[in-house]
Structure formats: C-alpha cells, structure tokens
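Hi everyone, thanks for coming. Let me put the sequence and the model up on the screen, and then we can walk through a few places together.

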Amino acid sequence: VETPTHRVRIEVMGNYQTVAAIRDTPLNVNGRSLRIGDFARVVRGFSDPPDPMMRVGGKPAIGVAVVMAKGGNMIGVGDAIGKRMQEIQAQLPAGIDIKVVSNQPELVKGSIGIFVETLAEAVLIVLAVTFLSLGWRTGLVVTFSIPLVLAMSFILMRYFGIDLQRISLGSLVIALGLLVDDAIIAVEMMVVKIEGGWDRFRAATFAYTSTAMPMLFGTLITAVGFLPIGLAKISAGEYCFSMFAVVSIALGSSWLVAVLFTPFLGYRLLDPAKLAKRFHQGTAVYDTNFYRLFRRVVVWCVDYRWRVIAASAAALGLAIFLLATVVERQYFPNSQSDILLIDIFLPEGSSLRATAIAWASARFSPNFSSVW
C-alpha cells in the first residue's frame with residue numbers, strides 16, 4: 001500500500017494467475033467467511049505507483065525496450081525501428097514525443113567503422129613494410145592473401161553462427177597483426193630460393209615443405225593462448241567465447257592460405273629472372289650488409305651466451321615486477337556511456353512519491369552537492 005510518505009508491504013499468499021482468482025479469495029472476518037469480491041472491486045489496471053519510474057529530460061516517461069532476436073541484423077533492426085518511430089510520432093497527440101535514450105545500432109555502426117579503419121591502417125602498414133623490404137611483386141602476393149584470409153574467416157564465422165559484434169570485431173582486430181605473418185614467411189622463403197638460382201616450382205614446393213608444419217604449430221600455440229577465455233565458466237567466458245573462436249578461425253585461415261595459395265600466387269607473380277640477377281650463387285644470398293651485421297650479432301650472443309641468458313632473465317623479472325605493480329589489470333574496460341548516477345537515501349519505508357519530492361527539492365537547492 002503506497003501512501004504519500006510511506007510504503008506498507010503486505011504479503012499475500014497464493015499463486016494468482018487471473019483477476020477472478022483474487023476476487024474469489026476467501027477471508028475470515030469475525031468468524032464469517034467472505035470473498036474479497038463481496039466488499040471490494042477488483043480490476044486489472046496500471047501499477048500504482050509505477051515501479052520502476054522513468055524520466056527523460058526531467059519529464060515522466062514510459063520506457064519501451066526493443067531487443068533484437070538472436071541471429072538478426074542490428075543495423076537493419078535499428079533502421080526499421082527508426083522508420084516505425086516516425087510513423088508512430090505522426091499519430092501521437094500533441095505533447096507526447098518519442099525520444100531515443102540508448103541506440104545500440106549506432107554503437108554497432110561505430111564499432112564496425114573502427115574495425116574498418118583499423119583494418120585499413122594494418123593493411124597499409126603491412127604493405128608498406130612488405131613493398132619496401134621485399135619489392136612490389138612480393139608485396140602483391142601478401143596483398144592478395146589478406147582478402148583471402150578475411151573471406152575465409154567470414155565464411156567460417158557465418159557457418160559457426162558467430163555474429164559481427166563488439167567482441168568478434170575486436171578479435172579480428174587482434175588477429176590482423178598475425179594473419180599476414182604466415183604469408184610473408186612463405187613468400188620470403190620463395191624469394192630467397194629463387195635468388196639462389198632455384199626455379200619457381202621448386203621454390204614454391206620448398207616453401208610448403210619447409211614452413212607448413214612450423215607455421216601450423218605456431219598457429220596452434222597462439223590459438224591455445226586464447227583457450228582459457230573460451231573455456232571460462234563465468235560471465236566473461238560467455239561474452240568472450242567468440243574472441244577465442246574468431247582468433248582461431250582467422251589464424252587457421254591464415255595458415256591455410258600461406259601453405260596453399262601463397263606458393264601459387266608466388267609462382268604466378270614472382271619474376272625469377274630479375275631475382276636471379278642479384279645473386280649468382282646460393283651462398284651469396286646471405287652476403288649482404290644486413291646479413292653480415294645479423295651474423296655478427298648472433299656470433300656475439302653465442303660467444304657471450306651466459307651474459308645473454310642473464311640479461312634475458314633480468315628482463316623477464318623486470319617485466320613480471322612491472323606487471324604486478326604498474327600495469328593495470330582490468331579485463332572489461334570501463335563503460336564509456338555518458339551516465340551520472342546520483343543516490344538519494346531516505347528513511348526505510350519511504351514511498352516513491354516522497355523520493356520524487358526529495359529529488360525535486362534537491363535539484364533546486366543551493367546545497368545540491370550534499371546529495372552526491
């Protein structure tokens with residue numbers, strides 16, 4: 001029972017499903033058995049007071065939440081709701097407006113835009129490094145492998161029922177930095193062998209036989225690193241299972257493209273005549289300034305291996321120390337919504353009307369900060 005100042009709770013026993021069941025409830029009054037319907041009018045109506053209460057722009061409002069069915073298109077649902085809202089608004093009486101409080105389709109559009117932007121940046125960076133270091137033909141091989149990997153990933157995501165949402169898009173962004181590694185390894189192996197005098201077919205075959213299994217194990221190890229997220233029996237695992245699934249799908253597709261399509265693309269695009277002109281002997285491939293510097297570094301590390309081991313152990317210890325003391329550990333990021341929550345505490349048993357009156361008086365009070 002709600003009064004202007006207090007709320008009195010009445011516990012009613014029984015599982016009521018209809019209004020008639022409430023009307024027929026028997027009561028014992030002074031030794032007599034009466035039905036509630038004998039002395040009271042029982043009707044179905046709106047909850048009074050409304051619980052919960054909602055205000056938009058300081059005015060009373062009725063909240064309507066529209067949730068997309070599983071497997072639907074969030075952006076399409078948002079467009080359909082927008083058109084329907086315009087039709088309903090034209091039929092509403094004066095003084096009643098429709099306002100959007102939270103628009104999830106806009107958030108999805110923003111997430112997709114961020115993914116596309118990140119994808120473009122990653123592709124441009126990879127291609128720039130590839131073209132500058134390996135040449136334009138080798139860069140084309142890597143360029144063509146990227147859409148192949150993404151296409152295979154999207155097809156498999158569709159097959160396994162993984163939708164494009166914030167977690168899956170973020171997982172694709174994580175995988176972007178890894179999905180071109182296998183293709184670069186395979187095509188670079190072909191370039192080195194062709195420069196050493198091998199023909200394109202033999203170089204493509206060697207790129208497969210020498211790199212397929214090491215790249216496969218590297219792909220599996222990386223995917224297993226995300227396995228705890230997929231097997232977690234908590235809410236984080238429920239929301240983030242697609243992270244493990246999408247990363248595994250993208251890396252597996254990258255390996256498949258690297259061992260099958262990349263050698264074929266290299267066979268079709270690489271020019272053995274131009275590559276063989278640089279070197280006339282197989283050992284001359286490594287007779288460059290870069291390889292000579294790299295060899296000196298490797299020889300120094302082998303000669304002073306205990307110093308290198310000690311430095312590596314010290315770096316690992318420093319990293320663990322910084323991880324425990326400096327790096328913030330937070331799995332889910334803080335909410336970016338522009339929301340300010342203010343709690344108003346009244347004596348226990350106060351009614352919602354009393355709370356609304358207290359809030360209205362606090363908004364216009366010079367001591368408004370005391371409410372926070």
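I'll start with the chain as a whole and then go to some local spots.

First, a word on how to read this. This is a predicted model, where local features need pLDDT of at least 70, side-chain atom pairs count only at pLDDT 80 or more, and totals for chains, interfaces and linings use all residues. Residues are numbered from 1 along each chain as its sequence is written, and side-chain values use heavy atoms, with hydrogens and water left out.

The chain has 14 helices and four strands; these are DSSP runs numbered from the N terminus, with helices being H or I of at least four residues and strands E of at least two. Of its 372 residues, 23% count as buried, meaning under 20% relative accessible area with a 1.4 Å probe, protein chains only. Now take the contacts, that is, heavy atoms within 4.5 Å. Of those with a separation of 6 or more, 67% are between residues 24 or more positions apart.

On to the strands. Strand 1, residues 26–29, runs antiparallel to strand 2, residues 32–35, and four bridges join them; pairing asks for at least two DSSP bridges. V29 sits opposite R32 in strand 2. Two residues lie between the strands of this hairpin, and N30 takes a positive phi near 55 degrees.

Next, a helix pair. How do helix 5 and helix 7 cross? The axes of helix 5 (residues 136–159) and helix 7 (residues 181–195) come within 10 Å and cross at roughly 150 degrees. Helix 5 is therefore roughly antiparallel to helix 7, a label for angles over 145 degrees. Those axes are lines fitted to C-alpha atoms over the stretch in contact, with angles from 0 to 180 degrees between N-to-C directions.

Who meets whom there? From helix 5 we have T138, V141, V142 and S145, and they meet A183, I184, V187 and V191 of helix 7. By class, this contact has six nonpolar, two polar and no charged residues.

Staying in helix 7, look at V192. V192 counts as buried because its relative accessibility is 15%. From V192 to A207 is 15 residues in sequence and 9.9 Å in space, C-alpha to C-alpha.

Last stop: S242 in helix 10, residues 235–269. Its relative accessibility is 8%, so S242 counts as buried. Leaving out residues up to four places away in sequence, S242 touches I162, Q165, I167, S168 and S171.

Thanks, and over to you!

Technical notes. Angles under 35 degrees count as roughly parallel, over 145 as roughly antiparallel, 65 to 115 as roughly perpendicular and the rest as oblique. Ala, Val, Leu, Ile, Met, Phe, Trp, Tyr, Cys and Pro count as nonpolar, Asp, Glu, Lys and Arg as charged, and the others, Gly among them, as polar. Buried means under 20% relative accessible area, exposed over 50%, partly exposed in between (1.4 Å probe, protein chains only).
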